[in-house]
Amino acid sequence: MTIAYTLPASIEAEKAMAKARKVNPFRPLFNSTLACMTFPFKLDRNCEIHIKEELMPKKAIIDVSSLLNENDGLKGFIISGYSKKPFPSPLIKKGSSTHQASFMEINKFVFARLEKSFKAIEDISHKFSL
C-alpha cells in the first residue's frame, strides 16, 4: 500500500474510492488515448482517492509511473482525473471531526492525478530543496 502526497503522482484502476470536501464533475470529453468518451472530475479541499480494484492486466495505460496496486492512493489539496462512466452522486457524511465530506465509488476505468499537494508538504519540500 503506497500513498503519494507529493507531485508527480497518479493512479490507474478499474474501480476507486474517493473522498473530498468539494467535488466538481465536468461534461464528458472524448479521450483519444482511450478512444472513448470520458467523464472528467476534480476533487478539492483535503481529498483522497485509492484503488479499490486493480486493472486487468495490471499495466498502466495513461502514465507509466501511475500507482497500480490495490489500496495505493493519492492524498492532497487538489486531485483531478476522469473515468469511463459518469461520475456518481456523492454520499455526504462526516469526513473529519469538523467537516462533512463527499464519498464516491468510481466504477469502470479511473485515472487520477495529484494536482496540488498539501501546503505544509510543499513548504517542507521547498526548504529541503534549497
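## Around Ile106

Leaving aside residues up to four places away in sequence, Ile106 touches Glu14, Lys15, Ala16, Ala18, Phe41, Ile49, Ser83, Phe87 and Pro88; touching, or contact, here means heavy atoms within 4.5 Å. Keep in mind that this is a predicted model, where local features need pLDDT of at least 70 and side-chain atom pairs count only at pLDDT 80 or more, while totals for chains, interfaces and linings use all residues. Numbering starts from 1 along each chain as its sequence is written, and side-chain values use heavy atoms, with hydrogens and water left out.

## The nonpolar cores

Ile106 is also one of the residues with the most contacts inside the largest nonpolar core, along with Phe41, Leu43, Ile49, Leu74 and Ile79. That core has 22 residues. A nonpolar core is a set of buried Ala, Val, Leu, Ile, Met, Phe, Trp, Tyr and Cys residues joined through side-chain atoms within 4.5 Å. Buried is under 20% relative accessible area, exposed is over 50%, and partly exposed is in between (1.4 Å probe, protein chains only).

Which strands supply at least two residues each? They are β2 (10-13), β3 (15-20), β6 (36-53), β7 (73-83), β9 (100-106) and β10 (110-116). Strand β6 gives the largest share, 5 residues. (Strands are DSSP runs of E, at least two residues; helices are runs of H or I, at least four; both are numbered from the N terminus.) Apart from this core lies another, of 8 residues, including Cys36, Leu55, Phe109 and Phe111. As a rule, nonpolar side chains in soluble globular proteins tend to be buried together.

## Salt bridges

The model has 6 salt bridges, counting a side-chain nitrogen of Lys or Arg within 4 Å of a carboxyl oxygen of Asp or Glu. One of them pairs Glu115 with Lys42 at 3.8 Å, N to O. This pair ties together distant parts of the chain, 73 residues apart: Glu115 sits in strand β10 and Lys42 in strand β6. Glu115 is partly exposed at 37% relative accessible area, and Lys42 is partly exposed at 26%.

Lys119 and Asp123 also meet in a salt bridge, at 3.1 Å from N to O. They are about one helical turn apart, because 4 residues separate them in helix α1 (residues 119-129). Lys119 is exposed at 55% relative accessible area, whereas Asp123 is partly exposed at 34%. Then there's Lys58 with Glu54, whose closest N and O atoms are 3.6 Å apart. Lys58 is partly exposed at 41%, and Glu54 is partly exposed at 25%.
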